[in-house]
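Dear colleague,

Please find below the structure that I am handing over to you. The findings follow directly after it.

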Amino acid sequence: MEKNHEIALTEMRKSVQKLGTSTEFGDPTLMRFLIARSMDPDKAAKMFVQWHKWRASFVPNGFISDSEVSDALEDRKIFLQGLSKDGYPVMIVKASKHFPSKDHLQFKKFVVHLLDKTIASSFRGREIGNEKLIGILDLQQISYKNVDARGLITGFQFLQSYYPERLAKCFILNMPWFFVSVWRMVSRFLEKATAEKIVIVSNEDETQNFIKEVGEETLPEEYGGRAKLVPLQDVVLAPMED
């Protein structure tokens with residue numbers, strides 16, 4: 001590890017302790033917060049402590065179970081496809097099966113459930129702390145009733161605030177003309193680092209790059225790959241090592 005990184009990590013641990021939170025997490029976890037805050041130890045420590053408190057209150061059991069989000073799972077709109085060429089789990093959202101939730105708290109629980117499970121699907125026995133994911137948002141056949149700007153903003157804000165540096169790439173497929181203005185509004189809530197990881201796939205070259213980056217083995221047939229779609233709830237996670 002670079003000397004500067006070691007110094008920043010040491011300073012961050014001191015700041016976290018001053019703020020009254022334990023730092024039993026490994027360097028790869030803390031480094032995500034440092035990168036998200038431009039290697040500023042104090043800002044990274046503040047972000048880490050806010051995440052730690054949020055996690056303790058919002059996810060007291062350490063995870064959101066299937067039974068807590070069974071209604072959202074029944075829509076079968078989220079698919080988890082295994083690992084990309086670079087070893088990132090690939091999550092697909094079929095927006096045509098999504099309808100804005102009247103219960104925003106329940107929607108937030110579902111966001112945590114799907115992000116936690118997607119990240120955990122890449123663990124090899126235990127969490128290292130620097131795992132990332134690839135998101136695919138498929139807008140094929142969406143109509144106005146599927147449009148959920150608030151839900152999209154919540155998803156990206158959770159990624160930015162509580163899952164820093166977890167997003168490797170987000171590909172948006174089949175964007176219809178009427179969604180362009182929605183996306184423009186959502187984009188205002190994106191930090192620069194998040195926006196730079198989003199690719200709107202709109203031509204043949206971009207489609208080929210998308211297939212290449214995800215990998216044909218993992219990508220479902222309808223997107224140019226060789227795999228079958230796997231609903232999120234059908235994925236069984238390997239047991240964690242102690």
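Val 90 has Ile 134 of S3 as its bridge partner. In this predicted model, the pairing of strand S2 (residues 89-94) with S3 is parallel and runs over 5 bridges. Strand S3 (residues 133-138) is itself mostly covered, since 6 of its 6 residues are buried. Ile 134 points to one side of S3 together with Ile 136 and Asp 138, while Leu 133, Gly 135 and Leu 137 point the other way. The residues on both sides are buried.

Lys 77 may also be of interest to you. Where is Lys 77 found? Its place is the loop between helix H4 (70-74) and strand S1 (78-83). Is Lys 77 buried or exposed? Because its relative accessible area is 6%, and buried means under 20%, Lys 77 counts as buried. Its side chain is joined to that of His 98 by a polar contact of 3.0 Å. Beyond its neighbours within four places in sequence, Lys 77 is in contact with Ala 72, Ile 92, Val 93, Lys 94, Lys 97, His 98 and Phe 110.

When residues up to four places away in sequence are not counted, Met 39 touches His 5, Ala 8, Met 31 and Leu 34. As for Ser 187, it is 148 residues from Met 39 in sequence, and the C-alpha atoms of the two are 24 Å apart in space.

How much space lies in it? The figure is about 920 Å³. Its lining comprises 33 residues, and those nearest the centre of the pocket are Gly 62, Ala 120, Phe 123, Glu 127 and Met 240. Helix H2 (27-36), helix H3 (41-58) and helix H5 (104-120) are the elements that each give two or more residues to this lining. Which of the elements gives the most? That is H5, with 5 residues. By residue type, the lining of the largest pocket consists of 16 nonpolar, 8 polar and 9 charged residues.

With kind regards

Note on methods: Residues numbered from 1 in each chain as written. Predicted model: local features only at pLDDT ≥ 70, side-chain atom pairs only at ≥ 80, totals over all residues. Heavy atoms only, no water. Helix = DSSP H or I, 4+ residues; strand = E, 2+ residues; numbered from the N terminus. Buried < 20%, exposed > 50% of the residue type's maximum accessible area, 1.4 Å probe, protein only. Polar contact = N/O pair within 3.5 Å; in protein donor to acceptor, adjacent residues only side chain to side chain. Contact = heavy atoms within 4.5 Å. 1 Å grid on protein atoms, 1.4 Å probe; cavity = no way out; pocket = protein on both sides within 12 Å on 5 of 7 lines; lining within 4 Å. Points joined across faces, edges and corners; volume = space filled by probe spheres on them. Nonpolar A, V, L, I, M, F, W, Y, C, P; charged D, E, K, R; others polar. Pairing = 2+ DSSP bridges.
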